[in-house]
Amino acid sequence: MIRRIGEAVKPGQRYGLRPGVYAVLLQGDQILTTFQANPVPEYQLPGGGIDRGEQPIAALHREVMEETGWRISITRRLGAFRRFCYMPDYDRWAEKLCTIYLARPVRPICPPTEAGHSAVWLPADEALACLGNAGDRAFLAQALHQPR
């Protein structure tokens, strides 16, 4: 069973499954995050939903490029967690199945193309307090305590 991190399931609320992929992008003692301005300003691990028919690794490369403008090199899968939340951008309640990868930022290609997102480098220890959800924070902490 994949563990739940974060908000408890709301009794009576229907959730649609939304698989997604996210990256812990470490370079030295810094992490590349995405800052999403709306609907609630927050720092996040770059990544997002896997489109129908899309392979997870391809989705991760696409999402990181859209949200940060960076090309990445994937090192390994760190794990997965479930998160139950409301997604205001899509006006739906979702059971987000989040798979997290450790990856290396290779080079910047362009500014982020996803509206309201910006690429932000943070000290990794600061990011442990700044990331907007408990799952992102847990997997960053895990990555920082494992050999890279």
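Reply: Let us begin with burial: a residue is called buried under 20% relative accessible area, exposed over 50%, and partly exposed in between, using a 1.4 Å probe and protein chains only. This is a predicted model, in which local features need pLDDT of at least 70 and side-chain atom pairs count only at pLDDT 80 or more, while totals for chains, interfaces and linings use all residues. Residues are numbered from 1 along each chain as its sequence is written, and side-chain values use heavy atoms, with hydrogens and water left out.

Me: How many aromatic pairs does a search of the whole structure find?

Reply: A pair of aromatic rings is described by the distance of the centres and the angle of the planes. Rings of Phe, Tyr and Trp (its six-membered ring) pair if their centres lie within 6.5 Å, and planes under 30 degrees apart count as stacked, over 60 as edge-to-face and the rest as tilted. The search of the whole structure finds 6 aromatic pairs. In one of them, the centres of Tyr-15 and Phe-84 are 5.1 Å apart with planes at 80°, so this pair is edge-to-face. Tyr-15 is buried at 18% relative accessibility, and Phe-84 is buried at 7%.

Me: What are the distance and the angle for the rings of Trp-70 and Trp-121, and is Trp-121 buried or partly exposed?

Reply: Their centres are 5.5 Å apart and their planes stand at 80°, so this pair is edge-to-face as well. Trp-70 counts as buried at 15% relative accessibility, whereas Trp-121, at 32%, counts as partly exposed.

Me: Which residues do ring pairs link into a cluster?

Reply: The cluster is made up of Tyr-15, Phe-84, Tyr-86 and Trp-93.
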